Amino acid sequence: MNYANTIATALGIGVRQVEKTIELLEQGSTVPFIARYRKEATGSLNEVQIAAIRDLLQKLKEIDKRRNSIIQSITEQGKMTPELEKSLREATTMTELEDLYLPYKPKRRTRATIAIERGLEPLANMLFRQQPGDVEALASRYINDEKGVASADDALAGARDIIAERVSENALSRDRIRNIFRRSAMLSSKVVKGKEEEAGKFESWFDWSENAMRAPSHRILALFRGEEAGLLRVHVLPDSDEAAIETLQRQYVKGSNESSKQVAMAVADGYKRLMQPSIETEMYNMLKEKADKEAIRVFADNLRQLLLASPLGQKRTLAIDPGFRTGCKVVCLNAQGKLEHNETIYPFTSVREERAAIAKLEALVEAFDIEAIAIGNGTAGRETEDVVKRCHFNKKVIAVMVSESGASVYSASDVARREFPDYDVTVRGAVSIGRRLMDPLSELVKIDPKSIGVGQYQHDVDQRMLHDSLEDVVVSCVNSVGVELNTASRELLSYVSGIGPVLADKIVAYRDREGAFHNRRELTKVERLGDKAFEQCAGFLRVRESDNPLDRSAVHPERYAVVERMAKSVGASVEQLMSDKALRDKIDIRQFVSADCGLPTLQDIMKELEKPGLDPRAKFEVFEFDKNITKIEDVQPGMELPGIVTNITAFGAFVDIGVHQDGLVHISQMANRRVNDPAEVVHLHQHVRVKVLDVDLKRRRISLTMRF
């Protein structure tokens, strides 16, 4: 198969672009590297396009692998024909291949194979030809008590079983029925009898039906979850069998004689007993895959926004993991996130302890010259924020509520134990909260993305597909921001293009043994980090204390010579060129175009020289909840409140208004216009104003609107 042509057609990309991308991928280049540093080769394809080429290439290779296996199997059975092999070679999808293979696929004994064993295949062939004649008399010839054919009716029934299986395994027939299902199948559900009370949360779908192909992903996953739990019965079938059976009978029934009637009976049986359940399973799986892809897309978009959330930066931070009875764990971190002090305060046990807690916080802020306070947003979060606001510090200190999602997962992980072997989970959790404020990306890469709390049905979707998609997002985010080589954790380094966990460990071990890296080139001294790995990772790593100013930028070392020639052309050093816009304006980059370094790369270089190592993340903004609203009982319909978008789904967005229970802004309430995708209107961590529509205290649900 010509992969490049197939992929180019499917994705609407030039064949030459696809060919070069495949070549780079198969040479071991990563998606971020190709997108950033091989624009001339790919025609400036972006990461999404390159990843799509990679994924489709893998899919086509899997189809070819299956094709070869099927051809080998049929050949070994001695049943291969030139026509069949041609059809197999020309099949472009896994479904086409499996349809062609179905009649030859080894299977358990069926009614048809039993009938064949009883010698009824010749009778089936004669009936299938639908020639006029007395079928009873014809069938009587096949009565054989020893083979279990006691009567003419038994013989006809066996012959019909053979015909029914042929019909159900015919590739053209299956494709026609598949099209009927796609046009008219209904996704329906009913509650399992006797499970009405247990299935309360699925009450909306106790008697549900809608067009399957138009069903939204979140509803498909909800219905399938109910079925998986044994609470709902779900079907994906057309309203009636008539259209399907008529379609098959037009294909197979060629007259109105007795044989034709037998074929018509066999066709109806083949559809109802064999083909319908098979195609329904296909449809079920197709809907599941469609819903999985949409849920994963939403999750991936949310994760990207979360990872690229605004960092506070290197500020001395006091972090608090709140708690009522067990107290609040307090840690003090230096500007690099290193733990310097920890203790526990108990502001909610008595008035005296509250005063002591306030005094302690004031003392810690002064002693460690704290610039910011991070407060976990879980249980007792708003109450702890109130305590902090009653402190009188000797300078301006910002206090910020920080999401705790996944902090407990991190605190009990091997990563946390390796970082803090002498501290318990409460200290580790507080440190994570503080570091999330300083640099969300660096801290969140230590946690399984599924535990961060921004997914939709993440435990119901295809886990391999989810893992691969989220991995792509983390890799993309880490490489778009860039990583400081001398301070990055092994977890952060492992996501850098070309590195991975093994080389990340080697880099950290080298750093611990030899001290800080002096420049990028020193990376080549790391054990097992060869030329290819250096090529892939170097441009995404920063060495801020390097004697080469380009090591602080995203300019790749392979282009340093080009920058040096640029500087020389205007009589300046590289350092001067980077700091002086007037010098850069004198350069005509067209003079530096070469066979492997075109205008796209040169334009990127000039942008980097202007703002070397620029962090693409937005500037941090402090947010405050309404101080009068701290619990769900305080919330009343009609209130207008500030909030933070915490999760975006296909059906709306969840907003934290500071009461330990996020409210939902349904997609219909997001704007004074039709909204097709909530991501059109909001982004994760966006500061919004919402109006309360309804509060359900019993079910702890808050309905919000942004239409006011």
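Colleague: What percentage of the 708 residues in the protein chain do buried residues make up?

Modeller: This is a predicted model, in which local features need pLDDT of at least 70, side-chain atom pairs count only at pLDDT 80 or more, and totals for chains, interfaces and linings use all residues. Residues are numbered from 1 along each chain as its sequence is written, and side-chain values use heavy atoms, with hydrogens and water left out. Buried means under 20% relative accessible area, exposed over 50%, and partly exposed in between (1.4 Å probe, protein chains only). For the 708 residues of the protein chain, the buried share is 49%.

Colleague: Is D154 buried, partly exposed or exposed?

Modeller: D154 belongs to helix α11, residues 152-169; helices are DSSP runs (H or I, at least four residues) and strands likewise (E, at least two), numbered from the N terminus. The relative accessibility of D154 is 35%, so the residue counts as partly exposed.

Colleague: How many of the 18 residues of α11 are buried?

Modeller: From first C-alpha to last, α11 reaches 26 Å, close to the 26 Å expected at 1.5 Å a residue (1.5 Å times one less than the number of residues). The helix is largely enclosed by the rest of the structure, because its buried residues number 14 of 18.

Colleague: How far apart in space are V400 and R16, C-alpha to C-alpha?

Modeller: V400 sits in strand β8, residues 398-402. With 8% relative accessibility, V400 counts as buried. V400 and R16 are separated by 384 residues in sequence, and their C-alpha to C-alpha distance is 51 Å.
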